[in-house]
Amino acid sequence: MNHATPRIASPLRAFTQLLSSTRRGARLARLLAVAELRSWGVSRDLVERAELVVAELAANAVLHGRVPGRCFRLTLALDPAAGRLRVEVSDARGDLRPTDTTPDPLSTGGRGLTLVAALADHWDCVPYPPTGKTVRADLVDAVA
């Protein structure tokens with residue numbers, strides 16, 4: 001008698017790290033994200049997109065979300081079965097929330113979230129209690 005073997009879903013994977021709100025902390029966030037995603041066997045395309053998203057969100061946390069003596073948090077959550085990666089960066093400045101506006105073409109900055117919007121399938125910003133915010137981006141793996 002033949003029995004169908006039940007399909008076992010791939011386990012969810014998660015990574016969280018507190019990092020100093022400095023340029024070095026932002027750089028380390030990018031390096032740690034790439035190392036973790038590679039160790040999970042994530043596709044090269046998804047790793048490269050996530051690397052840029054983490055770099056932008058971490059730089060924003062350091063530049064716009066810094067409170068002296070407070071760190072920012074990087075969280076990666078991978079659902080292999082759905083081929084979806086969520087990148088979250090939380091900082092202590094809930095009063096400074098990102099906007100989804102088009103940057104001034106003559107300014108020298110303000111294009112980070114435009115890049116995130118282009119690389120991610122969805123991004124948003126939610127409160128991070130008690131006074132902070134979390135900017136999160138969902139990336140779907142085209143290879144999955």
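Mentor: Among contacts in the protein chain between residues at least 6 apart in sequence, 65% join residues at least 24 apart; contact means heavy atoms within 4.5 Å. This is a predicted model, where local features need pLDDT of at least 70 and side-chain atom pairs count only at pLDDT 80 or more, while totals for chains, interfaces and linings use all residues. Residues are numbered from 1 along each chain as its sequence is written, and side-chain values use heavy atoms, leaving out hydrogens and water.

The protein chain has three helices and five strands, in the order β-α-α-β-β-α-β-β from the N terminus. Helices (H or I, at least four residues) and strands (E, at least two) are DSSP runs, numbered from the N terminus.

Let's pick helix H1, residues 23–39. Its 17 residues reach 25 Å from first C-alpha to last, close to the 24 Å expected; that expected span is 1.5 Å times one less than the number of residues. After H1 comes glycine 41, with a positive phi near 75 degrees.

Which residues of H1 are buried? They are Gly25, Ala26, Ala29, Ala33, Val34 and Leu37, where buried means under 20% relative accessible area (1.4 Å probe, protein chains only). These residues pack against strand E1 (13–19), helix H2 (44–64), strand E2 (72–79) and strand E3 (84–91).

Now turn to H2. H1 and H2 pack at about 155 degrees, with axes 9 Å apart; axes are lines fitted to C-alpha atoms over the stretch in contact, and angles run from 0 to 180 degrees between N-to-C directions. The two helices are therefore roughly antiparallel, a label for angles over 145 degrees. Among the residues that meet are Ala26, Ala29, Ala33, Val34 and Leu37 in H1, and Val47, Ala50, Val54 and Ala58 in H2.

Finally, the wider setting. In the largest nonpolar core, with 34 residues, Leu74, Leu76 and Val87 touch the most other members. Such a core is a set of buried Ala, Val, Leu, Ile, Met, Phe, Trp, Tyr and Cys residues joined through side-chain atoms within 4.5 Å. H1 is one of the elements that each supply at least two residues of this core, and the largest share, nine residues, comes from H2. Not counting residues up to four places away in sequence, valine 87 touches residues including Val53, Val54, Leu57, Leu74 and Leu76.

How values were computed:
Buried < 20%, exposed > 50% of the residue type's maximum accessible area, 1.4 Å probe, protein only. Parallel < 35°, antiparallel > 145°, perpendicular 65-115°, else oblique.
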